[in-house]
Amino acid sequence: VLVVIGCRAAARLQVQLLDTMLRAPTSFFETTPSGRILNRFTSDTEMCDNTVLMNLQQWINCIMPIASTIVVVSVVNPIFVPWLLVLCVL
């Protein structure tokens, strides 16, 4: 699942970057070295691939034990469910 999310995010980022570059005026390409432009593409893609997906994975690793604990407590002790609904409303 995370791989699919990462691929979609990288593809969307790449399309947006390319669209922005194609709309840039010619003077931008005359003053900016091509290596700097390429470096910007790779650094943005690297951040999307590594940082965002790592944060998403850590978030999922934090939420899943909490959700599974709530499910187990609700199955073992059904009286907990109304209290859980009250807490969700607050």
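A: At a relative accessibility of 33%, A9 counts as partly exposed, a class that lies between buried, under 20% relative accessible area, and exposed, over 50% (1.4 Å probe, protein chains only). The model is a predicted one, in which local features need pLDDT of at least 70 and side-chain atom pairs count only at pLDDT 80 or more, while totals for chains, interfaces and linings use all residues. Residues are numbered from 1 along each chain as its sequence is written, and side-chain values use heavy atoms, with hydrogens and water left out.

A9 sits in helix α1, residues 2–23; helices (H or I, at least four residues) and strands (E, at least two) are DSSP runs, numbered from the N terminus. Although A9 and D49 are 40 residues apart along the chain, 8.3 Å separates their C-alpha atoms.

The chain as a whole has four helices and zero strands, in the order α-α-α-α along the sequence. Its radius of gyration is 22 Å, well over the 12 Å that the globule rule gives for 90 residues, so the chain is more spread out than a compact globule; this radius is taken over C-alpha atoms, and the rule is 2.2 Å times the number of residues to the power 0.38. Along the principal axes, the C-alpha atoms fill a box of roughly 70 × 25 × 15 Å, and 16% of the 90 residues count as buried.

On the α3 side the contact is made by I70, V73 and S74, and on the α4 side by F80, V81 and L84, where contact means heavy atoms within 4.5 Å. These residues divide into five nonpolar, one polar and no charged; Ala, Val, Leu, Ile, Met, Phe, Trp, Tyr, Cys and Pro count as nonpolar, Asp, Glu, Lys and Arg as charged, and the others, Gly among them, as polar.

S74, found in helix α3, counts as buried at 18% relative accessibility, and, leaving aside residues up to four places away in sequence, it touches F80, V81 and L84. P78, by contrast, lies in the loop between α3 and α4 and is exposed, with a relative accessible area of 55%. The C-alpha atoms of P78 and R12, which are 66 residues apart along the chain, are separated by 45 Å.
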